[in-house]
Amino acid sequence: MLPLDSLQDAGMPATPGPAVVVEGDLASVRRSALAELATRLRSLNRPVGIAASVAPTAVDRAVTLLPPAGWTRLFEAVGFSVRRQLELREAETTGRWRDAWTAADPYRMAGVDRVGFVLDPAPCAPEGGIRSFRSLLGPQHPLRRARVVLGLLLAGYQDFHNLAPWLEAIDPRDLRVILRQGVGERDETVADDLDAACRAYGVPAVRVGPLADSTLDDLDVQVLLSASESPANSVHLGNAVMLLHARALGWATGHVQHGIWPRAEFPLPIATCADIVLAWSDEYREVIGAGDHAFAVVGGMRFDRYTDVAHRSAAALYGSWAGRFDRHVVVATNLHWQQHGRAIDGFAAVTELASRHPSTLFTLKPHPYEAVEPGAGELPNVVVLSEPVVLAGGLDPADVVESADLVVCTPSTIALEATLAGKPCFVIDTDNPSRHRFVDYRPLSALSGWLDDDRRVGCCREGYAEHYSEPSTRGRALDLSLDALAGAMERRSSLVPGTSAAVARALYDLYAEAARDAGQLRRDFQTASDYALSLAAALEEKDRYIERLRRGLGGP
């Protein structure tokens, strides 16, 4: 927020009477606390000069962004009237998040950094209540104390999104983020992104190497949670190493269900090094198998918000320009997954749909590790939410699902979230052998007709949500998880440090070898792909080459 005199210098009229000057920027407040902060401002019962960001700052820090119409609705909901607003531009800046935001331009106001407001208290505050904020901002709730000090282990974007509900719900005094580096070829970029995102919640990350080291020894963590720990791949194995080290330090450890397990890709049951498994439903019990660990069906904290679904319009998400469209279709893809048997160009598919349905707004939400078409934000009815845009805006994928009228996805957990949110969902058949139960997969060619059909039927049948998300846990996942972790604290089994170190080293060697093999496979695949492209280009030109050769030989 800007001091009032800064607004006046920028062209704002002076505000008569006493004024409250609030330092800082509303965008630095976590989304789930915005309603409480705005309500406190209204209780001052004075005019307020204030500013709020509508784009990431020059320094790539995580923020909560709203379009100007969203900020205005928030102020009006707590009893302010907006006397004047002014677009504020800073010197031209650049940065990874800033550049991605500018390219996507989800608010359709490129070049504007902040909007300044002069607010007057209305004669009496409205009786909007929590519902008026729920549809605008998403769930609003106070922070909870966790009863224990929780460590959240992050090694990639998916870890962050799976564990972000803990950052949203738990007091930062009870949280520590452990950021494992040395993971993959894009390590530094990913680590910097995740560190910035966690700082937005007031929990700066402690960076450690790919193998657990003495950095962990000085942390006051009691329970370490991982959302990707298994023998499935090198990243999961590296996280397992961390859990073994944590157990040697006497910490309890928890395995948080990551998603719907791809049963056709990995043999069951999978192994875990954790003391306790926190699962969405009993379906995961077969995946994880028997073992020395405890198993607790606690539901998914990311699903709790769907017990109180509020329709969040596309205009609430992107601004008033998005309200001009008849409907909002969200397309979520995970096309980086090599198990898909049929190649699909997600951006090309959305572009074609957008041209056929100009009165429909499309949001493409690719997987964090999918490449995104540059300049995609230039299309009038398409918004592309790449990972930097999602992190910079403080968005949860559920924010996007809730704002949709229809959801389209490749086989992924988004289908489950859409079903829980009551959104009709079309699941594209990619010939992936790992298939969810109770889902009717359909070819991409049928999608346009499905969008046009007013009597459309979603692909997810009755029983789908109940199979993968235990109904009795919904709305209670945080309490159930904290209770389960308290029990794990009492039952935890510390490992002998020397034994733990030896097992961790063996696991890490396996992890490192797998990482090297994966890198070589990627390079080999790229070489083969380049060769195939050059061969295709040569075949396209073969007739011209033959004609030139014929003429050179003096043929007729």
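Start by selecting Glu286, which is exposed at 53% relative accessibility (buried means under 20% relative accessible area, exposed over 50%, partly exposed in between, with a 1.4 Å probe and protein chains only). You are looking at a predicted model, where local features need pLDDT of at least 70, side-chain atom pairs count only at pLDDT 80 or more, and totals for chains, interfaces and linings use all residues. Residues are numbered from 1 along each chain as its sequence is written, and side-chain values use heavy atoms, with hydrogens and water left out.

Helices (H or I, at least four residues) and strands (E, at least two) are DSSP runs, numbered from the N terminus. Arg263 is partly exposed, at 33% relative accessibility.

**On to the sheet**

Next, colour the seven strands of the open sheet, which run in the order β7-β6-β5-β8-β9-β10-β11 with parallel pairing; two strands pair if DSSP finds at least two bridges between them. At the edges you will find β7 (205-208) and β11 (294-297), each with a single partner strand, so one side of each has no neighbour in the sheet. On average, neighbouring strands here are turned by 25° against each other, direction ignored. Axes are lines fitted to C-alpha atoms, for helices over the stretch in contact, and angles run from 0 to 180 degrees between N-to-C directions.

Zoom in on β10 (residues 276-279), which pairs with β11 in the parallel sense over four bridges. Within this region, Leu278 stands opposite Ala296 of β11.

**Helices on the sheet**

Show helix α6 (residues 157-169) next: α6 packs on the sheet and touches β5 (150-154), β6 (175-180), β8 (223-226) and β9 (252-256), its direction making about 160° with that of β5. Contact here means heavy atoms within 4.5 Å. Twelve of the 13 residues of α6 are buried, so the rest of the structure largely encloses this helix. Among the buried residues are Tyr157, His161 and Trp166.

Follow α6 to Leu163, where there is a kink of about 45°, shortly before the proline Pro165. The bend at a residue is the angle between axes fitted to the seven residues ending there and the seven starting there.

Then bring up helix α8 (residues 234-248), which lies across β5, β6, β7, β8 and β9 and runs at about 170° to β8.

Select Arg199 and Asp195, whose side chains meet at 3.4 Å, N to O. Both belong to helix α7 (residues 187-199), and being four residues apart they are separated by about one helical turn. Asp195 is buried, at 9% relative accessible area.

Move to Arg461 and Asp440, which form a salt bridge at 2.6 Å, N to O. Arg461 lies in the loop between α15 (447-452) and α16 (464-468) and Asp440 in the loop between β16 (425-427) and α15, so the pair ties together parts 21 residues apart in sequence. Arg461 is partly exposed at 38%, and Asp440 is partly exposed at 33%.

For the last stop, select Arg134, Arg305, Asp308, Arg312, Asp399 and Glu402: a network of salt bridges links them.

Definitions and conventions
A salt bridge is a side-chain nitrogen of Lys or Arg within 4 Å of a carboxyl oxygen of Asp or Glu.
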